[in-house]
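Here is a short briefing on a protein chain. Look over the sequence and the fold first, then work through the points by topic.

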Amino acid sequence: MSQLTRERPAPAEAGLRQPRAAVVDLGSNSVRLVVFEGRARNPLTIFNEKAVLGLGRGLVTTGRLNEEAVEQAVTVMVRYHTVARAMGAEPVEVLATAAVRDAANGPAFVEALRARLPDLTIRILTGQQEAMLSAEGVLLGFPDADGVLGDIGGGSLELVELAHGRAGRSASLPLGAIRLAERAGGEIQRGRAIATEELGRIAWLPEGQGRDLYLVGGAWRALARMHIAQTAYPLSIVHHYVLSREEARDLAGVVMAATRRTLERMPGAPTKRLQDLPWAAMVMRRLIRASGARRVVFSANGLREGWYARQIAAEERRREPLLAAAQDLAARFGRDPRLPPALAQWTAGLFEREGVAEAALRAAACWVSDIGSHDHPDYRAEHAYFRVLRQPGVGLDHHARAFLALAVALRYEAGADAPFLQAARVLLDVAAVRRAEILGAALRLAYTLSGGTPELLAGTALDRSGGRLVLRLVEGSGVFAGESVLRRVEALAATLGLEAVVELAG
């Protein structure tokens, strides 16, 4: 045995900091392994690999799984099982969806997998089970979701009624991109008629009128990425990407009418999904019409995240996702978990007529305000900005990401016209930018006063009243109004349009 081999620790010996869990989504078009680390409110994916096999191609005509793809799937599954176990994942579970449950040779395929991998748990999901897992995944990222969920795969389309954060009625329709193309003989017009008829059978679907349509599935995410690329949108994150009803209809119309050559030339178009895109676009357009949705909201969460949600404690699932994401960052990169709550209280009086959502963002900003403390001082602002803007928290919409990123960058004294701040400034309106600027200046002052410790911060207080911003310092507390403190309290007061005053209290 070589020296290198002897010194390489096994997963159990490596002392994994967090438990891991792995799920394989065995779908009609692709097979994907995702490994999650931890059991936190916001899933953290540390491994994600996909193989596009087309397991369900030809199912409509033959009633069987694609034999060539079956052989490839066994090879891929052996690899995925090996990877998951090597990473120390437990549990490891396979979720088989429409193609496997509908194919005549589906049970035989699963039994062959079980014979090859006897310790691997494989579940063949019913349409309702698939729909409910997708709903749980979406609700993990959109806890107050209200409208209709649509999850498109290669073989089926799952629909779920969402009412203020609760999953209701559901349906599973044979409208996956691969299956619909085969049912329609490759003719889009015929496919449109099939989709219209199938959707028309769902009596509760029109109750989505004026509400949101939450879209899940690789083909629909591909459409979102294309729109992001074509419009030069400043944040390349599909999760929480929103299109108005008309924008979504226009996008679908363009993709449906495009030739394959035209699609290949479109920015952001995925090479491996080109043949499925027109069908996914057509189903999206029919679904918008059938539901009467006012806008489309894309979700990167779905079946796999729904499975993950069932692995975590109920109390953890109930945590507010914005605050949970901020606290996760603070735990990984901050210095003192006692300080953020003190900062939230310290900054509470700065904003007049602060709404609930604005107060939540302010509290979250206090939690992420120290995440650059271990970075190189010349790059703290930039590193902290991008760490927040691109974090994996599933409950943050793009506005929240931009606000928190801008506030933390300004806390680290980023120049107001720094080029890297452009994305946040584009995503925020004037009022939100101003709040971020005020909060960034306040946090900068707080850290100058306290050195990042709650004990020193407790010897200070801010008071906004009568056109003045008063900084009160408790005499003998170890805090004093040096040059840097005076400069920063004046900067904060100027941002607020107030007069700066420093007072000593006994």
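Predicted model: local features only at pLDDT ≥ 70, side-chain atom pairs only at ≥ 80, totals over all residues.

UniProt lists residues 34–309 as "domain: Ppx/GppA phosphatase N-terminal", in an unreviewed entry.

**The annotated stretch**
- Over residues 34–309, the chain is 47% helix and 21% strand.

**Asp 151**
- Asp 151 sits in strand β6, which spans residues 147–152.
- Is Asp 151 buried or exposed? Its relative accessibility is 8%, so Asp 151 counts as buried. The cut-off for buried is under 20%.
- Leaving out residues up to four places away in sequence, Asp 151 touches Ser 134, Ser 156, Leu 157, Glu 158, Val 216, Gly 217, Trp 220 and Leu 303.
- Gly 176 is 25 residues from Asp 151 in sequence. In space, their C-alpha atoms are 9.0 Å apart.

- Strands β2 (residues 30–37) and β3 (residues 44–52) run antiparallel. They are joined by 8 bridges.
- Strands of a sheet pair through backbone hydrogen bonds, either parallel or antiparallel.
- Which residue of β3 is the bridge partner of Val 35? It is Phe 47.
- The hairpin formed by β2 and β3 has 6 residues between the strands. In the turn, Gly 38 has a positive phi of about 85°.

**Helices α10 and α12**
- Helix α10 covers residues 245–257, and helix α12 covers residues 277–291.
- They pack at an angle of about 150°, and their axes are 8 Å apart.
- The crossing of α10 past α12 is left-handed.
- From α10, the contact includes Arg 245, Ala 248 and Val 255. From α12, it includes Leu 277, Met 284 and Ile 288.
- How many residues of each class make up the contact of α10 with α12? There are 10 nonpolar, 1 polar and 4 charged residues.

**The β12-β13-β14 sheet**
- This open sheet has 3 strands in the order β12-β13-β14, with mixed pairing.
- The edge strands are β12 (460–465) and β14 (499–505), and each pairs on one side only.
- On average, neighbouring strands of this sheet are turned by 20° against each other, direction ignored.
- β12 pairs with β13 (residues 468–474) in the antiparallel sense, over 6 bridges.
- Opposite Arg 464 stands Leu 469 in β13.

Methods
Residues numbered from 1 in each chain as written. Heavy atoms only, no water. Axes fitted to C-alpha atoms, helices over the stretch in contact; angles between N-to-C directions. Helix = DSSP H or I, 4+ residues; strand = E, 2+ residues; numbered from the N terminus. Left-handed = near helix turned anticlockwise from the far one by under 90°. Contact = heavy atoms within 4.5 Å. Nonpolar A, V, L, I, M, F, W, Y, C, P; charged D, E, K, R; others polar. Pairing = 2+ DSSP bridges. UniProt positions renumbered as here; feature names shortened; annotations may be inferred. Buried < 20%, exposed > 50% of the residue type's maximum accessible area, 1.4 Å probe, protein only.
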